[in-house]
Amino acid sequence: MLAMNYRGPQRVRVSHKPMPEIKHPEDAIVRVTRSCICGSDLHLYNGNVPDTRVGMTFGHEFIGIVEEVGSDVHNVKVGDHVLVPFNIACGKCHFCRQGLYGNCHESNTQATAVGGIFGYSHTAGGYDGGQAEYVRVPYANVGPTVIPPGMDPDDAVMLTDVVPTGYQAAEMGGIQPGDTVVVFGAGPVGIMAARCSWLFGAGRVIVLDQYEYRLEFVKNYANCEVYNFKEMDDPVVFIKRITDWMGADVVIDAVGAEAAGSALQTITGRKTLLQAGSATALHWAINSVKKGGIVSIVGVYGPTDNLVPIGNVVNKGLTLRANQASVKRLLPRLIEHVQNGVLNPKALITHRVPLEEAADAYRMFSSKLDNCIKPVLIPPSARF
């Protein structure tokens, strides 16, 4: 089969790899019909996540048709068109029973934090992902969800990560009616977080980024205020000034490890890798939220340490909330929102690229070319 093949930092290609096989009675084999490149895939692509091994196939956002199932699979059947949450979750462990599917204790047994994730390095279990023609899906009674009749596949693939992550970012913010919410980052997750903040009753939503085309997109999609931090002397002071010097009620970090804006953070977190990514956006979030406010973190940082102003967290009495989105927990509500027209996820997709051209798609997305917001890879068998 054709599959994206990681060859080292900023080097990927599409090559032939062996077909995946059933390894456990609860496995399924899925023929991929859509697979996204995520902003967090770029952390892998650029070499910012430890133990990303040569030969790995990325891709934690995909949908497809069930081609084969193990002997103990009963929740899906051959021929079902399913969306597959990026979390690999057993559904039975202590954490899954709490709805913390991103922290499954069984799918990534060598880790003490994150559960298994498709195509996201050996720190997340070493599972190959869906930027391929076929993928092995473990725990097929838990994750794969049949796509409702009539749902656009482009909407469905966005429900595997982007929509749940953006929604959970707003949910973790504990937004109260009338709150001012600031979102750092106008990538797909930041865009969705801004849009979903209104659903929780925000009275004002502000997004900061450095790319004008992304700011223009989120302004139109999420009906929010937008500002370019490159035009500011100090984004923290700016946010304080436009919030009566109080700070925002809720701040969402939707950037993570490759944030720009601080020379020190860039050098130590992106160039020399002395810390687990550039924590610039997290600094700004902590310092620009009001005293007693909430910082919601969905930006990805690599293990294990970062330079973070924890003293300010203590002295300001802040609440920090963070996690990988628990996709399965959120899907029923989000599917309803899509079906009712409350959310329009497919509008974020700007580029549809043949799987064979994945290397070009990564280069375009990473380099912020052609106003790319969200690229989707389409395997040969799904092009009709």
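Trainee: How many nonpolar, polar and charged residues does the lining of the largest cavity have?

Mentor: This is a predicted model, and in it the lining of the largest cavity divides by class into 9 nonpolar, 2 polar and no charged residues. The residues that line this cavity include Val84, Ile88, Phe118, Val137 and Tyr139, and its volume is about 50 Å³.

Trainee: How many cavities of 30 Å³ or more does the count come to, and which residues line the second largest cavity?

Mentor: The count comes to 2 cavities of 30 Å³ or more. The second largest cavity, with a volume of about 30 Å³, is lined by Pro85, Asn87, Ala89, Tyr101, Val142, Gly143 and Lys328. By class, this second lining has 4 nonpolar, 2 polar and 1 charged residues.

Trainee: Now to the helices: at what angle do helix 3 and helix 4 pack?

Mentor: In general, two packed helices are described by the angle between their axes together with the distance between those axes. Here helix 3, residues 162-172, packs with helix 4, residues 188-199, at an angle of about 50 degrees, and the axes lie 7 Å apart. The two helices are therefore oblique to each other, and helix 3 passes helix 4 in a right-handed crossing.

Trainee: Which residues in helix 3 and helix 4 meet?

Mentor: From helix 3, the residues in the contact include Val162, Val163, Tyr167 and Ala170, while among those they meet in helix 4 are Pro188, Val189, Met192 and Leu199. The residues of this contact divide into 11 nonpolar, 3 polar and no charged.

Technical notes. Residues numbered from 1 in each chain as written. Predicted model: local features only at pLDDT ≥ 70, side-chain atom pairs only at ≥ 80, totals over all residues. Heavy atoms only, no water. Axes fitted to C-alpha atoms, helices over the stretch in contact; angles between N-to-C directions. Helix = DSSP H or I, 4+ residues; strand = E, 2+ residues; numbered from the N terminus. Parallel < 35°, antiparallel > 145°, perpendicular 65-115°, else oblique. Left-handed = near helix turned anticlockwise from the far one by under 90°. Contact = heavy atoms within 4.5 Å. Nonpolar A, V, L, I, M, F, W, Y, C, P; charged D, E, K, R; others polar. 1 Å grid on protein atoms, 1.4 Å probe; cavity = no way out; pocket = protein on both sides within 12 Å on 5 of 7 lines; lining within 4 Å. Points joined across faces, edges and corners; volume = space filled by probe spheres on them.
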